Amino acid sequence: MNRYVCVHGHFYQPPRENPWLESIEVQDSAYPYHDWNARIAHESYGPNATARILDGEGRILEIVNNYARISFNFGPTLLAWMETFDPETYEAILAADKESIERYAGHGSAIAQVYNHLIMPLANRRDKETQIIWGIVDFEHRFGRKPEGMWLAETAVDLETLDLLAQHGIVYTILAPHQAGQVREIGEEEWTDVGGGRVDPTRPYRVNVPSGGSIDVFFYDGPVSQAVAFEGLLQQGERLANRMVGTFSDDRDWPQIVHIATDGETYGHHHEHGEMALAYALHFIEQQELAELTNYGEYLEHYPPTHEAEIIDDTSWSCIHGIERWRSDCGCNTGGRPGWNQAWRAPLRDALDWLRDEMSAIYEAQAGPLFSDPWAARDSYINVVLDRSNAALDRFFMNQTQRPLSDDERQLALKLLEMQRHELLMYTSCGWFFDELSGIETVQVIQYASRAVQLADELAGGDLETGFVERLALAPSNLPRFNNGAVIYDLLVRPAAVDLPKVAAHYAMSTLFEEEPPASVYAFDAEPVSFSRQETGRARLALGRVTLRSRITHDEDTFTFGVLHLGDHNLDGGVRPFMGNGDFDAMKAEVTAAFDRADYPQTIRLIDHHFGDHAYSLGSLFRDEQRNITDVILDGTLAEAESVYRHLYEDNAPLMRYLDSVSIPLPNGLRTAAEFTMNVDIRRALGEPEIDFEYIDSYFEETSTWDLHLDVPGISFAMEAALEYRADHLEDDASGPEEFDELTRLIELIRRLPFGCDYGTAQNHYYALLQARYPTMKELAESGNADASAWVASFERLGQALAVYVA
């Protein structure tokens with residue numbers, strides 16, 4: 001056919017982890033999800049692994065894994081999150097790559113990415129190399145093979161970056177059409193100027209690099225990619241297919257490849273159901289034999305470049321000014337904020353560059369005596385990041401040192417390497433992409449810098465923090481309450497910083513509310529040495545001793561703690577390094593005696609006396625645990641509030657019905673009571689093992705009658721949880737008509753609601769059962785087996801409710 005189509009998806013989220021805890025804390029803006037990774041995984045990453053192809057009646061004909069048919073890259077830090085928090089999608093992505101190897105003549109569709117998405121032309125050569133090495137090693141660790149291609153953050157490129165890619169065995173990369181400067185046929189002398197996006201994107205190009213090697217480049221189709229991302233081309237899959245194949249030309253006499261590249265989140269997150277449009281477009285192209293689907297590796301094997309190109313240095317796909325978006329107030333922004341500027345970008349980069357250079361000097365001075373080659377050790381440290389087991393650590397030190405290191409030297413080495421890891425993370429591109437210095441992405445990169453500063457000042461005994469904050473003060477905020485970067489550092493960054501005493505305080509307060517003392521606190525192992533807890537009425541007292549150890553740097557210390565909760569938010573305590581057995585026993589005896597007498601003022605005074613300035617409160621807890629404990633504390637208060645609202649609603653429900661019958665608006669007080677009660681009851685009913693459908697139905701009828709406002713995100717989330725709970729057992733051998741019928745009733749209830757609910761998980765499980773068990777049960781039913789007949793009838797009713805076609 002000699003006509004090929006390839007779609008590339010760049011799937012990426014910036015690293016969002018608290019740099020000290022190595023975990024993402026709750027992000028309220030992602031409600032009802034815990035954080036933005038979780039939300040986007042639900043809206044895009046998962047759906048692309050289970051994309052629907054529908055028939056003319058809107059029924060599911062097929063569920064396909066888009067990743068197996070497209071070219072794609074995932075950010076390594078995103079995959080690390082997904083491996084733990086969305087393992088089903090993670091495994092589907094790895095399986096898709098294996099499937100694509102079979103589909104595309106031994107060439108997998110997954111390609112690597114520079115590790116944490118920094119802008120390569122703005123990095124020094126050493127950081128560029130580490131980014132490439134870490135991206136390759138991470139890819140090999142997950143996909144079990146060497147990557148052929150590598151995605152550059154924002155496709156930002158310079159010739160040095162391409163040279164380094166080639167030196168590390170990368171065969172190709174993908175760039176925007178306006179990044180091509182001039183081209184010529186290999187072997188010819190005359191160049192043709194193709195600046196301004198005039199390059200023909202239907203063939204690959206070879207770029208020769210200074211070291212003597214070369215790398216192949218695919219310049220994607222700009223107009224079609226733009227239409228997919230921003231012009232509504234994903235509204236219909238057939239339209240997308242026709243637009244792609246419509247760019248083929250009979251005037252070209254070579255095997256043409258039409259290929260597009262966009263953010264992967266375009267398919268499902270930015271454009272709802274975009275993954276379905278993509279799935280159908282690929283299906284339609286194959287079904288109608290309009291072109292052959294391929295990936296870049298397969299295409300290159302059959303059709304190596306016949307032309308070479310020279311790129312335009314310091315360009316990217318998302319800044320018309322080159323790479324200025326990540327170092328100056330160039331005018332590129334997300335829009336919608338008249339009067340705002342991005343004058344903060346240059347001072348932020350200057351501050352980080354200064355910090356990088358200062359920390360490099362510290363690293364070289366202190367790592368030199370430890371490692372055979374300090375920078376080679378940093379390049380190899382990704383193996384420890386991927387596997388922090390003792391065995392992996394032993395292998396790392398064996399390979400990178402010329403002599404055995406003592407435990408103290410190992411700890412020093414780990415801190416130096418962690419300083420360097422956070423130096424890399426602080427350059428994540430999203431820190432400059434958006435409009436405001438105090439935005440979540442920019443604060444994140446400053447937090448990474450703060451963690452690196454904390455380690456550097458500890459190791460060198462200096463004060464880099466002061467110099468760093470002074471430079472941040474030159475970065476202006478658009479928001480008066482923040483003023484500049486120094487204020488943002490004080491308000492949003494410094495409070496997030498963590499040390500072992502703060503971890504101990506979190507541990508201590510958690511012991512008041514958990515049945516057993518926790519075995520870990522985020523990235524820290526906790527070993528209780530002594531622990532006691534007492535309760536008298538609403539008052540609780542916990543006293544103990546715990547040894548904490550960082551799994552990252554191996555910092556370790558033992559702490560004594562005493563915490564007192566007098567109900568509500570009144571939570572006070574103290575933490576200090578272990579004071580010795582005698583002092584600890586004396587403190588415990590004195591505080592316990594006062595608590596036993598219910599002399600709480602004296603208990604507080606004694607805690608203050610024994611712990612001095614090492615006092616902590618509920619606000620000292622890390623955000624997720626703070627929320628959890630606050631929920632526990634609020635349970636009683638909310639129960640009282642619920643009782644009041646419920647009493648008001650139930651006593652006045654007849655009156656409310658009467659007011660509605662005579663078209664008199666409900667008074668606000670009664671409306672609020674009804675809304676509160678109904679939202680609570682609906683969510684609670686959905687969480688029951690056996691759902692009372694008539695009860696929920698009656699509530700929805702009343703909310704409609706009285707035009708009450710429901711917590712749509714919260715109730716939708718509860719419904720999805722109820723669906724998932726039941727759907728997860730669909731594939732059990734014991735599932736049958738009873739389970740099918742209950743799920744059918746729940747789906748029918750959801751379909752009557754005035755708002756949507758995602759029942760994709762149920763459809764996925766149903767489709768798997770349709771492929772695995774239905775044919776056998778159908779055959780048994782047709783042979784007269786009564787149980788099988790009942791199974792098939794219930795199963796087919798469920799399929800109708802789920803809008804899945806059953807032949």
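Two residues are in contact when heavy atoms of each lie within 4.5 Å. In this predicted model, Val443, Ile446, Gln447 and Ser450 of helix 16 meet Ile488, Tyr489, Leu492 and Val493 of helix 18 in this way. The points below begin with that pair of helices and then turn to a sheet, a further helix and a single residue.

**Helix 16 and helix 18**

- Helix 16 covers residues 440–460 and helix 18 covers residues 485–493; their axes come within 11 Å and cross at roughly 85°.
- Because angles of 65 to 115 degrees count as roughly perpendicular, helix 16 is roughly perpendicular to helix 18.
- Sorted by class, the contact of helix 16 with helix 18 has six nonpolar residues, two polar residues and no charged residues.
- An α-helix has 3.6 residues a turn, so residues three or four places apart point the same way.

- Six strands form an open sheet in the order 7-11-10-14-8-9, and their pairing is mixed.
- At the edges are strand 7 (172–175) and strand 9 (192–193), each of which pairs on one side only.
- In general, the strands of a sheet pair through backbone hydrogen bonds, either parallel or antiparallel.
- The parallel sense is found between strand 10 (residues 205–208) and strand 14 (residues 307–311), which pair over two bridges.
- Tyr205 has His307, in strand 14, as its bridge partner.
- Helix 5 (residues 159–167) lies across strand 7, strand 10, strand 11 (214–219) and strand 14, and runs at about 115° to strand 11.

- Helix 26 (residues 737–751) has 15 residues, which at 1.5 Å a residue should span 21 Å; the end C-alpha atoms are 21 Å apart, so the two values agree.
- Its buried residues are Phe740, Leu743, Thr744, Leu746, Ile747, Leu749 and Ile750.
- The cover over these buried residues includes helix 23 (668–686), helix 24 (693–705), helix 25 (712–727), helix 27 (760–772) and helix 29 (786–801).

**Leu606**

- Leu606 belongs to helix 21, which covers residues 600–611.
- The relative accessible area of Leu606 is 11%; because buried means under 20%, Leu606 is buried.
- Apart from its neighbours within four places in sequence, Leu606 is in contact with Glu590, Val591 and Ala594.
- Leu606 and Gly108 are 498 residues apart along the chain, and their C-alpha atoms are separated by 65 Å.

Notes:
Residues numbered from 1 in each chain as written. Predicted model: local features only at pLDDT ≥ 70, side-chain atom pairs only at ≥ 80, totals over all residues. Heavy atoms only, no water. Helix = DSSP H or I, 4+ residues; strand = E, 2+ residues; numbered from the N terminus. Buried < 20%, exposed > 50% of the residue type's maximum accessible area, 1.4 Å probe, protein only. Pairing = 2+ DSSP bridges. Axes fitted to C-alpha atoms, helices over the stretch in contact; angles between N-to-C directions. Parallel < 35°, antiparallel > 145°, perpendicular 65-115°, else oblique. Nonpolar A, V, L, I, M, F, W, Y, C, P; charged D, E, K, R; others polar. Expected span 1.5 Å × (residues − 1).
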